[in-house]
Amino acid sequence: MRGWFASLPIHQKLIAFVLAVSTAAVLAALSGLLAFDIARFRSSAFDETQALARVIARNSSGAVLFNDPDAARDILQSVEVKPSVSRACLYAATGSLFAAYRRPPAPPCPAVAEEARGWRTLAVVAPVSRSGRMVGTVYVERRLADLPGRIFVTAAAALVMLIVAGILAFALARRMQQLISRPIVALAGAARAIGRDRFELPEISAPPDETGELVRSFRDMVQRLASANAERDDLLRRERQASRLKDEFLAALSHELRTPLNAILGWTQILEATDPDPQMVAKAVASVSRNARAQSRVIEDLLDVSRIVTGKMQLSLAAVDVRATLQAAVDVIAPAASAKRIRVDVAVPPVPCIVQADPDRLRQVLWNLLSNAVKFTDAGGTVAASVVEGEREFSIAIADTGIGISAEFLPFVFERFRQADGSPTREHGGLGLGLAIVKDVVELHSGTVRAGSDGPGRGATFIVVLPRLVGAPEAAPPRATIAPLTRLDGVDVVAIDDNQDALEILGRVLVSAGAHVRAFSSPESALADIRRAPPFAVLCDIAMPEMDGFAVLAAIAVLDRERGTTTPVLALTAYAAPADREKSRAAGFRAHIAKPYDAAELVRLIAAIRSPSSQST
Amino acid sequence: MLVPIVALALAALSDAAPASAQGTLKSKVEAAIVSKFPQFVEWPAGALNGRATIDLCVVPGDGMQRDLEDVVSGDRIDGRTVAVRRVERDADLSGCQLLFVPASAIPSHRALLKRAAALPVLTVSDDEGFLEGGGIVRLREVDGRVRFDVDAASAARAGLRISSQLLQLAASVRGGPA
């Protein structure tokens, strides 16, 4: 029964509810009415009978007193007009029956007159008195034969009312249940559709009550679900693309690292296997040097990206003349450009263009853009570099007549790992990091960079916009642009590295700069030597067996305290992560130099120890 | 024929005092009936004012006084004691509510009766021509039973109201609506 009811559609349930409730209410009301009617009928029948008995009692006192049963019988006979009265009896004061009336088939009068309220009969008793004395008793019995008929009639009327009320309730319920059921049925349909991933919600009209609230909440929910779904799909697509880009990047990285390595190893093997003539050696050294630098740059780029991504890139801001930086960058790529017979035009304003920038980073940006321009421009083309003065900013434009950029790729040129041609058979090398680094570095300088192209084969233009430095000193020392030829003549340096090759190279670099070098592969012997004669500076590897760079640093610090000296110790290590830099700086190293290092930079760093504003790269 | 009379008499006497040895059965029944009359009569408002008794007055001539005294001994009507006394002169009439005159005493008491008719007194007699002479209730024997006739007009003239029940029980009622 319950299962059957539970499976009914909601509008039928509502109708059933209303019918059940109204039927129950009408039934209860009618039963109450019937009960009340019966009670009232009985009560009025009793009152009536009692009144009759009293009238008889009043009229029959004389008959009793004058001992006239005939007269008494006459009086009793008068009840004949009331068909419901079945017996009327008159008793003398002694209790003996004095006179009687009975309507057949009623039995004779009872021996004792007693009031009774039965279901079939009512009996009442009234005293007969005269002059304050009781002279007898009247007993009148009334049959309730008419009661069942009355009940039947009332019940029949109740049944008719019940049916009418039921029909009325049904008609009303059928109309009114729609108010509730229609939005719910519509919602159920919509929910089914959403179960099949269809997120369009049909218009559902609902009253401004809880049903309407339900519909509105449901609509909100569906919209949120739909947008979340779309977002998820979008995220998934981007995730897949990012994953593909990373795969491509790893392939490119592998390629970019292997290609120079191949040249280096090749030349090394040739030099080992043959008896080389000086011309060949020179060629080999040039090739090895070029390829090692290329590889070093790849690694540098990677580290830059890592710094940018982790937010650890630090700028050494200074007032910089953009003209000088641009010229320096142009000077660097000039040999490569002339090798490809590409003309490089430079147009700058005649006045200083001062911005606040890290000179090295700014040069890196411009060099990146320029080398890209040269790389993607065919022989005989032109690269134009210019600085345009704006009211609040300087725009540095690098334009080329190269292969250009397709409109589809244009929006993505500055994205990391993104290359127009990601296939393994691509024509142009590179990691696809250069422009990403450009964009990040420019933005670190509160500047913007944008790319433009009229399409493939029609050249490309990159414009870097940097804010003008207001109230800047007229001319800033172009420290980065003019690298002074630094020498370490007569400087006493201790070099410690457990790797013999590294120690050898380090020694040669320092000696070639004019330094006096004491090289040790064992930290213990180095410390003994330092104790004997304190050097100007110590260059120390960090990862060493038995005693690492931090232990050496600590031992030197102990020596310094004993002697009251200050010995700068520079860390020289292949650990190049920002965390490693931070660690060695915290430990007390004066500088952290990552391998592979640039010989000139190393020399400059040692020389810089003399001045208090020493830096590390 | 005698049985109903006996039955009626015994029933009427059942709540009365023990039966007296004097008097005939008929006179005893008559006394029983007369003793009930005051309960069915309403006297004018002033007639009973300040009275502690209802006086049933009897003109001597038969055993009525004696029988009546036996029947009403200790009776009370609406708080008043029922008393029986003898009346022979006009002066004795004052304070009487009921006057019984035996048929044998009628001729010698015409003046008394005439006097009584002007007072609120229920006059009762077993004289056959009593009603024609201005009396109110006449006792007579019908089919061996003692019955009574009422002259409602005379009662009205005397200022008495006689209960309809009494009139219903009467063998005959004359003198219009009462």
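Is A:Arg343 buried or exposed? At 53% relative accessibility, A:Arg343 counts as exposed; here buried means under 20% relative accessible area, exposed means over 50%, and partly exposed lies in between, with a 1.4 Å probe and protein chains only.

Before going on, two sentences of housekeeping. This is a predicted model, in which local features need pLDDT of at least 70 and side-chain atom pairs count only at pLDDT 80 or more, while totals for chains, interfaces and linings use all residues. Residues are numbered from 1 along each chain as its sequence is written, chains are lettered from A and ligands numbered from 1 in the order in which they are written, and side-chain values use heavy atoms, with hydrogens and water left out.

Back to A:Arg343. It forms a salt bridge with A:Asp345, with 3.0 Å between the closest N and O atoms. A salt bridge here is a side-chain nitrogen of Lys or Arg within 4 Å of a carboxyl oxygen of Asp or Glu. In general, side chains of opposite charge can pair when their charged atoms come close. A:Asp345 is partly exposed, at 29% relative accessibility. Over all chains, the count by this rule comes to 31 salt bridges.

Next, the sheet. Helices (H or I, at least four residues) and strands (E, at least two) are DSSP runs, numbered from the N terminus, and two strands pair if DSSP finds at least two bridges between them. In chain A, five strands form an open sheet in the order E7-E9-E10-E12-E11, with mixed pairing. Its edge strands are E7 (343-347) and E11 (448-453), each of which pairs on one side only. On average, neighbouring strands of this sheet are turned by 15° against each other, direction ignored. Axes are lines fitted to C-alpha atoms, for helices over the stretch in contact, and angles run from 0 to 180 degrees between N-to-C directions.

Inside the sheet, strands E9 (residues 382-389) and E10 (residues 393-400) of chain A run antiparallel and are joined by seven bridges. One example is A:Val383, whose bridge partner in E10(A) is A:Asp400. E11(A) and E12(A) also run antiparallel, with six bridges joining them. Their hairpin has six residues between the strands, and A:Gly455 there takes a positive phi near 125°.

What lies across E7, E9 and E10 of chain A? That is helix H7 (residues 322-339) of chain A, which runs at about 175° to E7(A).

Leaving aside neighbours within four places in sequence, A:Ala347 is in contact (heavy atoms within 4.5 Å) with A:Ala385, A:Ser386 and A:Val387. A:Ala347 and A:Ala385 are 38 residues apart in sequence, but their C-alpha atoms are 6.4 Å apart in space.

A:Glu389 pairs with A:Arg468, the closest N and O atoms being 2.5 Å apart. This pair links distant parts of the chain: A:Glu389 sits in strand E9 of chain A and A:Arg468 in the loop between E12 and strand E13 (492-496), 79 residues apart. A:Glu389 is partly exposed at 39% relative accessibility, and A:Arg468 is partly exposed at 28%.

Now for helix H9 (residues 434-444) of chain A. Eight of its eleven residues are buried, so H9 is largely enclosed by the rest of the structure. The buried residues of H9(A) pack against helix H6 (278-310), helix H8 (359-375), E11 and strand E12 (460-467) of chain A. After H9(A) comes A:Ser446, with a positive phi near 60°.

Strand E5 (residues 133-143) of chain A is also largely enclosed by the rest of the structure, because eight of its eleven residues are buried. E5(A) pairs with strand E1 (residues 85-92) in the antiparallel sense over seven bridges. Ten bridges join E5(A) to strand E4 (residues 121-130) of chain A, again antiparallel. The hairpin of E4(A) and E5(A) has two residues between the strands, and A:Ser131 in it takes a positive phi near 55°.

Last, chain B. It has six helices and ten strands. Of the 178 residues of chain B, 48% count as buried. Among contacts in chain B between residues at least 6 apart in sequence, 57% join residues at least 24 apart.
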